[in-house]
Each structure stands twice: as structure tokens, then as C-alpha cells.
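Here is my note on the model you are about to see. Please keep the picture open beside the text and find each residue as you go.

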Amino acid sequence: MFKTLLCLSFVCLSFLIVDFSQAQEVQIELGADEIGLNETFTIKVTLANDKIKSYDQFPEIPGFQKQGISQSSSMNIINGQMSSSNSIIQYYKPSRKGQFTLGNFSVLINGALFDSPGKRITVTDPVSSRGFGGNVTDPFADYFGRVAEEPEFIELEDDAFFSVSVDKKEIFAGEGLNLNVAFYMSEQNQAPFQFYEAGRQLDAILKKLKPNSVWEENFNITNIEPEMVNINGKKWIRYKVYEASFFPFSEGKIEIPRLPWEMIKYRVAKNPSFFGASRQEDFKTFYSSPQTITVKPLPPHPLKNEVSVGVFQLRENISMLEVETGQGFEYNFGVNGVGNINSVSPPKRMTGTNLSTFDPNVRQQINRGYGRVSGIKEFNYYITINEAGNYELDDHFQWIYFDPVRAVYDTLMPSAKIIVSGESKVNQALSGQRLGGIYDRIGTESNQFLNEQYKYYFTTVINLLLLGAIALLAVLIIKKK
């Protein structure tokens, strides 16, 4: 009984080994060595006894363009034994005549790499007859006993455009300008498109697009996602590739040139076959319209070159409204709104003898969305008041800005009022402060007169002058004799 089980185990193991080896059987077939300019070259990968669940990109061939992929599967039962194969074919269209080299390459099939030595391909003048090596569009036609025919590809009319758009044509210096770079297709568009090297194209566009002397707030688009928009009552699918808000520092003109954007546009088969390629890769370049934006100077004002530009409100928080003299409390002055939050400076502090503050702690939050930059910048002050009384903080803080919507300068002023009670702490505050100057140096300086330390140098100079005078007198006496 034990020997029987052992034999059965070896038999099962042998079947597993055979099946495993069959599952790993991959064959890579390359097209003909010589093809016509009107024919296609193919790379065919066949996997035996397993499905092609995943595959990597096929190699690029100099002088050729990829033109689509087709797949097929077959099954045979011979003497009760079933075998199957699955194939995938990559098509290549030559762009010109000549000799081209397909170097050795690897293809990743179902997570495993399979190598091919490559070959040299010769492209000749267009030919009228085609053999299997010249690649008819249906490489499996022989299975069904029919003659392969080259499909006719046609180009569909597209309803699409490329746009570099801005939300304003005229702004003030420092005001935000929102800019979008996007590709649009109408809801009724039938022409198939695909993005082509979007990152490389965008880098080239931004070099021509970004103005000088502006602050940029990039919306950081990482994925090109479709979104439905309505333009003049018509629905469009927008693929946004870049969005940013620009805040120009000075007046002048911002010129956005006419910019290109290349898309893969497929030509479709007029009479598609089951196994043949249903579409053919082609390219189309779209162009945006040029734009000119006028940046106006701000109206005259003493702080014209210092104020922030935007639509802002004051948001203040205070820890307490009634305090004792000398007792510290916190006051939060927050500037909230739409504009360049990074450029928001602390409020102007009017000096007062009874109110003391230190430099504020600063916190900011910036939101980029809905075509604008918004947020808040908070200045948190620690304040002490040393004399009893009622204090209105608008006498001590104010923040001036320019509102581009109303085209006026405006001031944000606190509404908080502080009630201070208790004895005066002005003298204690003065005694606790560093007086600076000569008072800071009393403990370290010498108690001798300042001219004492220069006495030695002064005496030396006088002696030298006396010696010089004596020498000059001696010379005169000698000459006279």
C-alpha cells in the first residue's frame, strides 16, 4: 500500500512539473527582415497553456511608430490532451525607407521577463503584394482559411481644442490672475484621443508662459482628470494640465504667446476585422490663442509700494477683555480673504506709553481652489498694560490694504476694548526694562578718566615733536656758521 501511494505521488509530481514548464513556455516572433513602406512590422508574443494577464510596453524601434495591439487565443484537444495558447501582437508602421536595427530587448509577461535578440529590418519602396511576413492586419487569418486584407483607416472629425485661459484681462499690480492650461473635447466628440508626453510638453510651455516679476501660487496638478464644464451652453470635457495664480509685482503688460499642444489622434479602421488592428496611431497639434493682460499701477498713496492687494477681512481673537495692570494677555489679529496671503505683513503698531508688546507669532494657511488663492494669516501678540483705564485696540493697531474690486485703499482696525484695573505699574515696568547705553557699562568700565588711557601715546608724540624741533634748530645753526 505504501509503495502504491509513493508511486502515485511521483506521478502527480511529474504532471505538476510538466504543467509548470508548459505554463512558462513563451515564444517571441519577429516580423520579416524586409518590408515595404506600406506594410507593417510585428512583434508577436505567444504564451502556451496560460492567459496573458499583464504585459509591459513593447520596445520602440527607430524609424517606426507603434500602431496598436491585438490579442488572440487558441485551444487544441489531441488524443484527449488539451493545449492552449494566447498571443499578443504589437504593430509598427515604418516612417521612411532605409535600414533600421531593433536591438535586443526584454518583454515583461505576467511578471516574468523574456528576452529577444532583436534583428535588422530593411524598409523598401511600397509593394503591391504582401506575404505573411509583411504583416497583413489579421495575422490569424490562416486559422480560418480566409485571405487577409489591409484595412483602410480613416480620420474622424474632432470637436476639440487646446486653451491657455485667464480669468481677467486687466488687473492691478499685486492682484491675483488665475491661469489655466487645458485640453477640451465636446461631449459629442467621436474622434479618439490620447495624451502624448504631457510632462515634457508642459515643461516646454511653462518656459514660455511664466511671466517675469510675479509671485506664483501653483495648484500642483499631479493627475490629468476629466471634468465636465459648460461653455456658452455647450458641454465640454476639460482635461486640466496646469493651473496657477500669478501676482505681478509691478505694472506693465503680460504677453502669453500662441502655444502648441500635441495629442495622439487615432485613425479608425473603416471595416475593422475581429483580429486586425481597429485603429492607427497618428498625431495632431493644437494651438492656443495668444493673450495680453494689462497690469495697472495702484492709485497714489504713501504706502503704495508696501500694501497687500486683495479682498480681506479682519478676524480677531482675544483671550480676555478685563485684566489687571501688568497682567499679560494674548491678542490675535488675523487677516482673512482672497489674495496673496504670503505678502501680508503685520499690522502697523502705533506707539503708546502704557501698552507693551513683543514681536508677534505668525501662522498662515493658504487654500488653492475654485480658481483663486485664499487663506488667513494670523499675528498673535502678547500684550501688557501698566496703567488702569479703558483701552480701544484700534488706537494701537491698524492694517492698510488695497481692494481691487472697489479700487480703493481700506484699513482693518480692531474692535476689541480692554478694561484695565489696578494700581499703576509704570514705574515697575521702567525699572524692569534695560536702560541701555552708559548704564549697561557701569559694572564693566574703569573708573579712571578716559584721557588717562591715552596719556602714554600723547607723551610719546610730544617728545618726538620736541626732538624734531631740536634737530631742525641744530641744522639751521650749522648752516649759518
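1. Of the 481 residues in the protein chain, 37% are buried. Here buried means under 20% relative accessible area, exposed means over 50%, and partly exposed is anything in between, with a 1.4 Å probe and protein chains only. The model is a predicted one, where local features need pLDDT of at least 70 and side-chain atom pairs count only at pLDDT 80 or more, while totals for chains, interfaces and linings use all residues. Residues are numbered from 1 along each chain as its sequence is written, and side-chain values use heavy atoms, with hydrogens and water left out.

2. Now for the surface and the contacts. The protein chain exposes about 29600 Å², and carbon and sulfur atoms supply 53% of that area; accessible areas come from the Shrake-Rupley method with a 1.4 Å probe, and for residues only the protein chains shown count as cover. Among contacts between residues at least 6 apart in sequence, 71% join residues at least 24 apart. A contact means heavy atoms within 4.5 Å.

3. How many helices and strands does the protein chain have? There are four helices and 32 strands. Both are DSSP runs numbered from the N terminus: helices are H or I with at least four residues, and strands are E with at least two.

4. Take strand β7 (residues 105–109) as a worked example. Its covered face holds Phe105, Val107 and Ile109, and its uncovered face holds Ser106 and Leu108. In a regular strand the side chains alternate between the two faces of the sheet. Strand β7 runs antiparallel to β8 (residues 112–116), and five bridges join them; two strands pair if DSSP finds at least two bridges between them. The two strands form a hairpin with two residues between them, and Asn110 in the turn has a positive phi of about 50°.

5. Stay with Leu108 for a moment. Is Leu108 buried or partly exposed? With a relative accessible area of 30%, Leu108 is partly exposed. Leaving aside residues up to four places away in sequence, Leu108 touches Ser54, Tyr55, Asp56 and Leu113. Leu108 and Gln57 are 51 residues apart in sequence, with their C-alpha atoms 8.0 Å apart in space.

6. Next, look for an open sheet of three strands in the order β23-β32-β29, with mixed pairing. Its edge strands are β23 (322–324) and β29 (389–392), each pairing on one side only. The twist averages 30° from one strand to the next, with axes taken as lines fitted to C-alpha atoms (for helices over the stretch in contact) and angles running from 0 to 180 degrees between N-to-C directions. Strands β23 and β32 (residues 417–421) run parallel and are joined by three bridges. In this pairing, Val323 stands opposite Val420.

7. On to the aromatic rings. The whole structure has 20 aromatic pairs. Rings of Phe, Tyr and Trp (its six-membered ring) pair if their centres lie within 6.5 Å; planes under 30 degrees apart count as stacked, over 60 as edge-to-face and the rest as tilted. Phe183 and Phe286 make an edge-to-face pair, 5.2 Å centre to centre with 70° between the planes. Phe183 lies in strand β13 (residues 177–186) and Phe286 in strand β20 (residues 279–287), so the pair ties together parts that are 103 residues apart in sequence. Phe183 and Phe286 are both buried.

8. Finally, the charged pairs. A salt bridge is a side-chain nitrogen of Lys or Arg within 4 Å of a carboxyl oxygen of Asp or Glu, and by this rule the count comes to 20. In one of them, the side chains of Lys97 and Asp125 meet at 2.5 Å, N to O. Why does this pair tie together parts that are 28 residues apart in sequence? Lys97 lies in the loop between β5 (81–94) and β6 (98–102), and Asp125 in the loop between β9 (119–124) and β10 (153–154), so the pair links those parts. Lys97 is partly exposed at 47% relative accessibility, and Asp125 is partly exposed at 44%. In another salt bridge, Glu243 and Lys240 have their closest N and O atoms 3.0 Å apart, and both residues are buried.
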